[in-house]
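Colleague: I have a list of questions about this model. Could you take me through the helices and loops?

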Amino acid sequence: MIGWLATLSRGLNRLAAGVAILLILYMFGHIILEIVLRLFGHSTFILDEYIGYAVAAMTFLGLPYVLEKDGLIRVALVLDRLPKKWHWPLELLIAATSFAAFGWLSLFWWQNVARSYERGITSDTLSETPLWIPEGIVLLGLWLLCFTLVVRSLQLVTERSRHTHPTQGSAD
């Protein structure tokens, strides 16, 4: 079951990372378009707004993939000083605490997205973008991050015997 969840998590994280990459390409294209248009005295008038939405979406959609690949900045100062058998409990504590924090944040963010949708709130710009759309993409990234943290916690618990019973005669 945990293997299936991990496979699902990896697939969803790759998909979200792919969307984040497409957002980078979109931002590049929009900036180039804006530069060309301004050479001729025109503008899209939405560059700042949509680049801001894209940066937020890209950040939150990319976080789960980066976490999965151990690409987030971690301070290993404590882990490096502990015996290997203590690594998994500390990592589990960190994953569970992170899940609690991001889960709590996503609860409030969900309320914000629902409120924006129900009230038909739009941006105060020329585009009048329905705000639930960019907010919803950020929420999706938060949910994927929470799912990745849950899967990571389950893997740490089920694989703890590998950390507590070294097979290669470690001197820890």
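The questions and answers below go through this predicted model.

Colleague: How many residues does H1 have, and what does H1 reach from its first C-alpha to its last?
Modeller: At 1.5 Å a residue, 56 Å is expected for H1. The helix comes close to that. H1 has 38 residues and reaches 55 Å.

Colleague: At what angle do the axes of H1 and H5 cross?
Modeller: H1 spans residues 2-39 and H5 spans residues 132-158. Their axes come within 10 Å. The crossing is left-handed. The angle is roughly 145°.

Colleague: How do the residues of the contact of H1 with H5 divide into nonpolar, polar and charged?
Modeller: On H1, the contact residues include Ile 2, Leu 5, Leu 8 and Leu 12. On H5, they include Leu 144, Phe 147, Val 151 and Leu 154. Ser 9 and Asn 13 of H1 take part too, as do Thr 148 and Gln 155 of H5. The division is 10 nonpolar, 5 polar and no charged.

Colleague: What is the phi of Phe 45, and is the residue buried or exposed?
Modeller: Phe 45 lies in the loop between H1 and H2. Its phi is positive, near 65°, in a residue other than glycine. Most residues other than glycine have a negative phi. The relative accessibility of Phe 45 is 62%, over the 50% cut-off, so Phe 45 counts as exposed.

Colleague: How far apart are the end C-alpha atoms of H4?
Modeller: H4 covers residues 87-119, which makes 33 residues. At 1.5 Å a residue, they should span 48 Å, and the model agrees. The end C-alpha atoms are 47 Å apart.

Colleague: Is the aromatic pair of Trp 104 and Phe 108 stacked or edge-to-face?
Modeller: Both residues lie in H4, 4 residues apart, about one turn of the helix. Residues three or four places apart in an α-helix point the same way. The ring centres are 4.9 Å apart, with 70° between the planes. Planes over 60 degrees apart meet the cut-off, so the pair is edge-to-face.

Colleague: Which of these two, Trp 104 or Phe 108, is exposed, and which is partly exposed?
Modeller: Trp 104 has a relative accessible area of 57%, so it is exposed. Phe 108 is at 40%. That value makes Phe 108 partly exposed.

Colleague: Which residues does Ser 116 touch, not counting residues up to four places away in sequence?
Modeller: Ser 116 is found in H4. At 3% relative accessibility, it counts as buried. Ser 116 and Trp 86 are 45 Å apart, C-alpha to C-alpha. The residues that Ser 116 touches are Ile 121, Leu 131, Trp 132 and Glu 135.

Key: Residues are numbered from 1 along each chain as its sequence is written. This is a predicted model: local features need pLDDT of at least 70, side-chain atom pairs count only at pLDDT 80 or more; totals for chains, interfaces and linings use all residues. Side-chain values use heavy atoms; hydrogens and water are left out. Axes are lines fitted to C-alpha atoms, for helices over the stretch in contact, and angles run from 0 to 180 degrees between N-to-C directions. Helices (H or I, at least four residues) and strands (E, at least two) are DSSP runs, numbered from the N terminus. A crossing is left-handed if the near helix is turned anticlockwise from the far one by less than a right angle, and right-handed if clockwise. Contact means heavy atoms within 4.5 Å. Ala, Val, Leu, Ile, Met, Phe, Trp, Tyr, Cys and Pro count as nonpolar, Asp, Glu, Lys and Arg as charged, and the others, Gly among them, as polar. Buried means under 20% relative accessible area, exposed over 50%, partly exposed in between (1.4 Å probe, protein chains only). The expected span of a helix is 1.5 Å times one less than its number of residues. Rings of Phe, Tyr and Trp (its six-membered ring) pair if their centres lie within 6.5 Å; planes under 30 degrees apart count as stacked, over 60 as edge-to-face and the rest as tilted.
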